[in-house]
Amino acid sequence: MKPRTRPSVPGLVLLAGASAIACGGMGCATRAPGPGYADVISRAGPVLPDQARLVFFRANGHGWDQYSGYAVPVGVNGRRAGTLAHAGFFYVDVPAGPAELEAPHGSWAYPACRVRVSVDPGAAVYIEIAPRSRFLVAGIAGSVAGIALAGSLSQAALAGAAGDVAASAAESWGQACGGPFRFQPVEEATARVRLEDAEWSR
């Protein structure tokens with residue numbers, strides 16, 4: 001029988017460094033605490049003919065990212081509409097027509113994502129808020145600098161984040177958007193699947 005070996009000091013440093021990056025300054029994932037989507041939407045009633053319903057959500061299937069523990073403040077037409085936690089959702093009814101969406105980071109060091117959209121009367125629009133691929137790549141690259149990560153770990157982390165960079169041109173209705181988050185319109189059928197385990201977060 002081979003004797004059990006103790007982890008080397010570099011190995012412990014590697015694990016500690018990876019853990020620190022995963023939780024980061026934003027903290028580890030914290031789920032929204034409220035009731036589920038099906039329960040909330042069944043009591044919401046239909047959308048009024050001259051209004052539109054914006055359903056904001058953060059899916060629980062993106063895997064690791066350094067913003068999982070951060071609740072995203074969401075603004076609509078210059079006013080705070082709600083705060084969106086990981087795996088959370090909320091909706092707001094707004095007058096149909098032009099609308100401005102905003103997802104500030106909460107720090108002066110980062111710009112906000114701001115986009116202008118147009119919503120049809122009586123429509124329900126599903127909007128996923130997720131970390132921007134380019135911002136994730138920059139964040140990971142900056143975090144691993146100076147840490148002796150094994151090649152497989154660093155390459156896997158960067159490759160996973162970089163995999164969506166090609167799609168970033170279509171982020172936020174195809175509009176340029178600053179900061180770490182993006183608004184992504186989602187078809188109703190797809191959104192309902194992603195909202196199955198989401199909880200009210202407002």
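The following legends accompany close-up views of a predicted model of one protein chain.

**Figure 1. Overview of the protein chain.** The chain has 202 residues, of which 39% are buried. Its secondary structure comprises six helices and nine strands.

Figure 2. Four strands are arranged in the order 3-2-5-6, with antiparallel pairing. Strand 3 (79–84) and strand 6 (113–119) form the edges, each pairing on one side only. On average, and with direction ignored, neighbouring strands of this sheet are turned by 25° against each other. Strands of a sheet pair through backbone hydrogen bonds, in either a parallel or an antiparallel manner.

**Figure 3. Pairing of strands 5 and 6.** Strand 5, spanning residues 97–103, is joined to strand 6 by seven bridges in the antiparallel sense. Within this view, Gly 97 faces Val 119 of strand 6.

**Figure 4. Strand 4 and its two partners.** Strand 4 covers residues 88–95, and six of its eight residues are buried. Seven bridges connect strand 4 with strand 1 (residues 51–57), and this pairing is antiparallel. Phe 57 has Phe 89 in strand 4 as its bridge partner. Strand 4 also runs parallel to strand 9 (residues 199–200), to which two bridges join it. Here Gly 88 has Glu 199 of strand 9 as its bridge partner.

**Figure 5. Asn 77 in the loop between strands 2 and 3.** Asn 77 is located in the loop that connects strand 2 (72–76) with strand 3. Although Asn 77 is not a glycine, its phi is positive, at about 55°. The relative accessible area of Asn 77 is 38%, and the residue is therefore classed as partly exposed, a class that lies between the cut-offs of 20% and 50%.

**Figure 6. Ala 87 in the loop between strands 3 and 4.** Ala 87 occupies the loop between strand 3 and strand 4. Ala 87 likewise is a residue other than glycine with a positive phi, in this case near 60°. Ala 87 counts as buried because its relative accessibility is 0%, and the cut-off for that class is under 20%.

Definitions and conventions. Residues are numbered from 1 along each chain as its sequence is written. This is a predicted model: local features need pLDDT of at least 70, side-chain atom pairs count only at pLDDT 80 or more; totals for chains, interfaces and linings use all residues. Side-chain values use heavy atoms; hydrogens and water are left out. Buried means under 20% relative accessible area, exposed over 50%, partly exposed in between (1.4 Å probe, protein chains only). Two strands pair if DSSP finds at least two bridges between them. Axes are lines fitted to C-alpha atoms, for helices over the stretch in contact, and angles run from 0 to 180 degrees between N-to-C directions.
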